[in-house]
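These are my notebook entries on a single model. I record below what I looked up, entry by entry.

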Amino acid sequence: MRWTDTVTLVSHELTQDEYGAWHEGEATEREVFCNRRTLGARRRSEAADVGMRAEAEVEIRTCDYMGETEAVYLGETYDAEPSASGDFTYLTLGRRLADE
């Protein structure tokens, strides 16, 4: 694997106001190296099970992943569904069906 592509992982911090209500805070972005992977029928099926239309899959190092649920890849913003396997985490990138 060459690790020649990059993906921007986006996390949103939750903050609580003085009344106890939770609000989504500022987005924090981190760029990490990745490998593009072929999106097979298994990953498409797994994505559909969680209500997502899969469009791409990338492989990142598990130590680089911190639970982000959003990613920017090739200029497009996607929801990210992780699948960890030892040293590598596979992110299935797509859009939630409820978002369309």
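Is Cys34 buried or exposed? I find Cys34 buried, at 1% relative accessibility; buried means under 20% relative accessible area, exposed over 50% and partly exposed in between, with a 1.4 Å probe and protein chains only.

The model is predicted, so I note that local features need pLDDT of at least 70, side-chain atom pairs count only at pLDDT 80 or more, and totals for chains, interfaces and linings use all residues. Residues are numbered from 1 along each chain as its sequence is written, and side-chain values use heavy atoms, with hydrogens and water left out.

I searched the whole structure for disulfides (a pair of cysteine sulfur atoms within 2.5 Å) and found zero. For Cys34, the nearest cysteine sulfur is that of Cys63, 14 Å away. Cys63 counts as exposed, at 65% relative accessibility.

Asp79 is buried yet has no salt bridge (a side-chain nitrogen of Lys or Arg within 4 Å of a carboxyl oxygen of Asp or Glu). Arg96, the nearest side chain of opposite charge, is 4.2 Å away. The backbone nitrogen of Arg96, however, lies 3.0 Å from a polar atom of the Asp79 side chain.

I then checked the neighbours of β5. Strand β4 (residues 70-73) runs antiparallel to β5 and is joined to it by four bridges; Glu70 has Asp79 as its bridge partner. Seven bridges join β5 to the antiparallel strand β6 (residues 88-96), where Thr92 stands opposite Glu81.

Key
Lys and Arg count as positive and Asp and Glu as negative; His and the chain ends are not counted. A polar contact is a pair of N or O atoms within 3.5 Å; within protein, one must be able to donate a hydrogen and the other to accept it, and residues adjacent in sequence count only if both atoms are side-chain atoms. Two strands pair if DSSP finds at least two bridges between them. Helices (H or I, at least four residues) and strands (E, at least two) are DSSP runs, numbered from the N terminus.
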